[in-house]
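Here is a brief report on one protein fold.

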Amino acid sequence: MKEIRNVLVIGLGAIGSIYATKFFDYDNACVKVLLDKSRLERYIEDGIIFNNQRYDFEYVLEYDRFYKPDLIIIATKGTDFKQSSRMIRSFVSEDTIIMSLLNGISTEEILMEKYGADKVLYSYYLGHASMRRGNRIKFDGEGNIFFGEKDNTELSENVAAVKRFFDRCGISYKIPQDMISSLWQKFIINIGANQTLAMLKEPYSAFKDLLHARNTAFALMSEAVEIAKALNIKDADNFVENAFETLCYMPPHLKPSMLQDIENGNLTEVDFFAGEVCRLGKKLGIQTPKNSLAYNIIKSLEQASINSYASVEVMQP
């Protein structure tokens, strides 16, 4: 029986910190965090403050080949995926399981090409957004990892091993029967929620208070649903309705990750959302003008924010 005893997490942001701290609380010896060298000194000095508790992890660098974890969880931003997928290479052994909690619908296929389909599980996070300021992160505990093979009618050895490990660590999860449909459902939510609220610069309360916010989200999601239908994704007709049901339960004061990125002068994941919709639309001959417009607006907001932060840094004495 395959068992997971240790885990490598790459990314200590809004999602990675949730699970790195849970593994640490279960057994601080079972988890290590992979960093690039430029961030190592800062994390050693400052740690991270998660829900007012400081965590000091054991950190490893890309070429620390001594560590061969049973499970690797990639939880960086989508903008860092290319780098992070390369950085894990030294840590992948014959029996390693790899999970990517990144947004979008393409990272698993890329990882399968690099490391083999037998090592990669489909996965994503769905729940309340954590809020980050510097090295301080607040999270209310509401969220699940969805994971599995494409078809989970019967659990594979890898899925069963991750399930047992998550049970021991007290991690909330769901294993959908049709993982591809489930992955697309999360994608549709991101298309509507992240992009709309980033453009409006509003928290989740906008979906309850502003009719035109809901209309905007509906228009963006509807284009993505047409692509899902063309790809024969199961349950596509229900994606938009399900998305709005999920958004109704989001705490009204919270902000999605894309809006937090714009406010903090960071690159956004719009290439994984509207960018992906437009690419697939072009490939399939489906028009996507609303997502094309959203892409350009968000790219403009992103660049303006980055330029603003750069100007402030230049003015620092």
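How are H6 and H11 oriented to each other: parallel, antiparallel, perpendicular or oblique? The model is a predicted one. The axes of H6 and helix H11 (residues 274-284) come within 10 Å and cross at roughly 120°. Angles of 65 to 115 degrees count as roughly perpendicular, and those over 145 as roughly antiparallel. H6 and H11 are therefore oblique to each other.

The contact can be read residue by residue. H6 contributes Trp184, Phe187, Ile191 and Gln195, and these meet Ala274, Glu276, Val277 and Leu280 of H11. By class, this contact between H6 and H11 holds six nonpolar residues, one polar and one charged.

**The four-stranded sheet**

Another open sheet has four strands in the order E4-E3-E10-E9, again with mixed pairing. Strand E4 (53-55) and E9 are the edge strands, and each pairs on one side only. Neighbouring strands here are turned by 25° against each other on average, direction ignored. Helix H1 (residues 16-26) packs on the sheet and touches E3, E4 and E10. The direction of H1 makes about 85° with that of E3.

| Strand | Partner | Bridges | Sense |
|---|---|---|---|
| E1 (residues 7-10) | E6 (residues 71-74) | four | parallel |
| E3 (residues 48-50) | E10 (residues 136-138) | two | parallel |

Leucine 8 stands opposite isoleucine 72 in E6. Isoleucine 49 stands opposite arginine 136 in E10.

**The largest pocket**

Which helix gives the most to the lining of the largest pocket? H6 does, with five residues. The pocket itself has a volume of about 1300 Å³. Its lining counts 50 residues, and those closest to the centre are Gly13, Ala14, Lys77, Arg132 and Asp261. By class, the lining divides into 22 nonpolar, 18 polar and 10 charged residues.

Several elements each supply at least two lining residues. The helices are H2 (37-46), H3 (81-87), H6 (179-200), H9 (239-248) and H10 (257-263). The strands are E8 (120-127) and E9 (131-133).

Notes: Residues are numbered from 1 along each chain as its sequence is written. This is a predicted model: local features need pLDDT of at least 70, side-chain atom pairs count only at pLDDT 80 or more; totals for chains, interfaces and linings use all residues. Side-chain values use heavy atoms; hydrogens and water are left out. On a 1 Å grid over the protein atoms alone, a cavity is a set of points where a 1.4 Å probe fits but cannot get out, and a pocket is an open set with protein on both sides within 12 Å along at least five of seven lines; lining residues have an atom within 4 Å of a point. Grid points are joined across faces, edges and corners, and a volume is the space filled by probe spheres set on the points. Ala, Val, Leu, Ile, Met, Phe, Trp, Tyr, Cys and Pro count as nonpolar, Asp, Glu, Lys and Arg as charged, and the others, Gly among them, as polar. Two strands pair if DSSP finds at least two bridges between them. Axes are lines fitted to C-alpha atoms, for helices over the stretch in contact, and angles run from 0 to 180 degrees between N-to-C directions. Contact means heavy atoms within 4.5 Å. Angles under 35 degrees count as roughly parallel, over 145 as roughly antiparallel, 65 to 115 as roughly perpendicular and the rest as oblique.
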